[in-house]
Amino acid sequence: MKFLICGGAGYVGSHMVRYLVANGHEVVVYDDLSTGHREAVDVDVPFVHGDIGDAVTLWRLFATHKFDAVIHFCARSLVGESVIDPYQYYRNNVGNTLVLLAAMREAGIHRLVFSSTAAVFGHPRSDTIDESHPTDPINPYGQSKLMIERVLADAARAYGLRSVALRYFNAAGADPSASIGEAHNPETHLIPNVLKAVLGQSAALKVFGDDYDTRDGTCVRDYVHVNDLASAHLLAVQFLEENEGAFTFNLGNGEGFSVREVIAAAERVTGRLVPHAFAPRRPGDPATLVASSLQARKRLGWQPRITVLDDILASAWQWHLQPRF
Ligand code: UDP
């Protein structure tokens with residue numbers, strides 16, 4: 001199949017591109033490089049520098065290539081920033097996605113896989129979150145993703161667009177080749193910050209809060225390997241061959257780890273201490289976010305492969321030892 005990967009130079013997108021190419025699919029990457037890295041995409045993969053809000057460039061792209069499906073990763077994704085500058089989030093994540101959807105419709109492309117997030121749930125009301133859990137985002141980032149999920153439901157009814165929104169819990173790790181990995185600037189995510197602290201590339205890790213109602217007082221999250229996220233996207237496209245409508249699935253490992261447990265695992269994997277200090281809670285952080293991915297397993301046939309926290313950390317560690325960008 002032939003895919004357009006919007007945001008294919010980003011963290012999850014670049015792993016998606018690798019995965020598709022490795023499985024014999026044809027790929028074009030479309031990215032404005034606002035947060036992604038050109039080096040994350042192999043030189044022999046066609047790359048178009050552009051913004052999904054740019055209807056003219058999209059129109060040209062769709063006139064040149066015949067895509068079977070679009071996988072859409074482009075987004076602003078920092079919760080704190082979304083609270084400070086919500087217009088940027090609604091413009092990028094909602095406004096620009098509408099431009100992409102309209103261009104797809106004009107071009108007759110009827111399948112989309114969309115990156116959504118656990119942030120659509122807001123504060124969880126149960127220990128594990130399945131798809132029937134109410135959505136109630138507590139920040140503009142989560143709102144912007146939920147808005148598009150709703151647009152996709154309407155587009156399925158009105159235009160016959162087939163879509164899957166995949167709600168990632170905590171994407172983590174790196175391709176075992178260690179040639180691509182997580183590189184955000186600024187870096188806000190726990191695992192890269194832990195490893196940077198180990199390497200002395202940052203000051204001591206700040207642990208945001210040790211007074212949560214969890215087993216050790218620190219926040220619990222569900223870390224899912226980025227290549228396992230990639231495999232779910234391809235399964236989702238295949239699922240849409242047989243199924244009409246707009247679907248949502250949660251993607252996680254189903255097991256939560258606290259910040260202290262991640263630190264302990266990083267110390268096992270690296271053989272070094274993680275310099276850290278406790279700091280106040282970070283606004284907007286729920287105590288626990290753990291997915292039930294039963295539906296993705298049952299309906300998509302998804303089978304995550306790298307599920308042990310130490311293995312996820314080990315893959316991230318290999319990347320952080322020698323990051324290429
Ligand atoms: N966290 C932390 N220090 C950091 C980064 C994150 O203590 O430097 C905590 C954060 O408060 C949350 C967990 O680690 O409880 C995971 O945060 P991350 O930003 O990686 O992902 P999120 O769950 O916010 O999507």
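How are α4 and α5 oriented to each other, roughly parallel or roughly antiparallel?

A: The structure is a predicted model, and it averages a pLDDT of 97, with 100% of the residues scoring at least 70. Its ipTM is 0.98 and its pTM is 0.97.

Helix α4 covers residues 86-107 and helix α5 covers residues 140-159; the two pack at an angle of about 20°. Since angles under 35 degrees count as roughly parallel, α4 and α5 are therefore roughly parallel to each other. Their axes lie 9 Å apart, and α4 passes α5 in a right-handed crossing. On the α4 side, the contact is formed by Pro86, Tyr89, Tyr90, Asn93, Val94, Thr97, Leu98, Leu101 and Arg105. These meet Pro140, Tyr141, Ser144, Lys145, Met147, Ile148, Val151, Ala155 and Tyr159 of α5. By class, the residues of this contact comprise 13 nonpolar, three polar and two charged.

Leaving aside residues up to four places away in sequence, Ile109 touches Phe67, Val70 and Met104. Ile109 and Ala69 are 40 residues apart in sequence, yet their C-alpha atoms are 6.4 Å apart in space.

Helix α6 (residues 190-198) is mostly covered, with eight of its nine residues buried. The buried residues are Leu190, Ile191, Pro192, Asn193, Val194, Leu195, Ala197 and Val198. They pack against β7 (170-172), β8 (205-208), α8 (259-270), β13 (276-279) and α10 (309-321).

With α8, one of these partners, α6 crosses at roughly 45°, and the two axes come within 10 Å. That angle makes α6 oblique to α8. The crossing of α6 over α8 is right-handed. Leu190, Ile191, Val194, Leu195 and Val198 of α6 make the contact with Val259, Val262, Ile263, Ala266 and Thr270 of α8. The residues of this contact divide into nine nonpolar, one polar and no charged. After α6 comes Gly200, whose phi is positive, near 70°.

Conventions:
Residues are numbered from 1 along each chain as its sequence is written. This is a predicted model: local features need pLDDT of at least 70, side-chain atom pairs count only at pLDDT 80 or more; totals for chains, interfaces and linings use all residues. Axes are lines fitted to C-alpha atoms, for helices over the stretch in contact, and angles run from 0 to 180 degrees between N-to-C directions. Helices (H or I, at least four residues) and strands (E, at least two) are DSSP runs, numbered from the N terminus. Angles under 35 degrees count as roughly parallel, over 145 as roughly antiparallel, 65 to 115 as roughly perpendicular and the rest as oblique. A crossing is left-handed if the near helix is turned anticlockwise from the far one by less than a right angle, and right-handed if clockwise. Two residues are in contact if their C-beta atoms, placed from the backbone, lie within 7 Å. Ala, Val, Leu, Ile, Met, Phe, Trp, Tyr, Cys and Pro count as nonpolar, Asp, Glu, Lys and Arg as charged, and the others, Gly among them, as polar. pLDDT is the predictor's confidence in each residue, from 0 to 100. A residue is buried if 20 or more other C-beta atoms lie within 10 Å of its own, exposed if 12 or fewer, and partly exposed in between; C-beta atoms are placed from the backbone.
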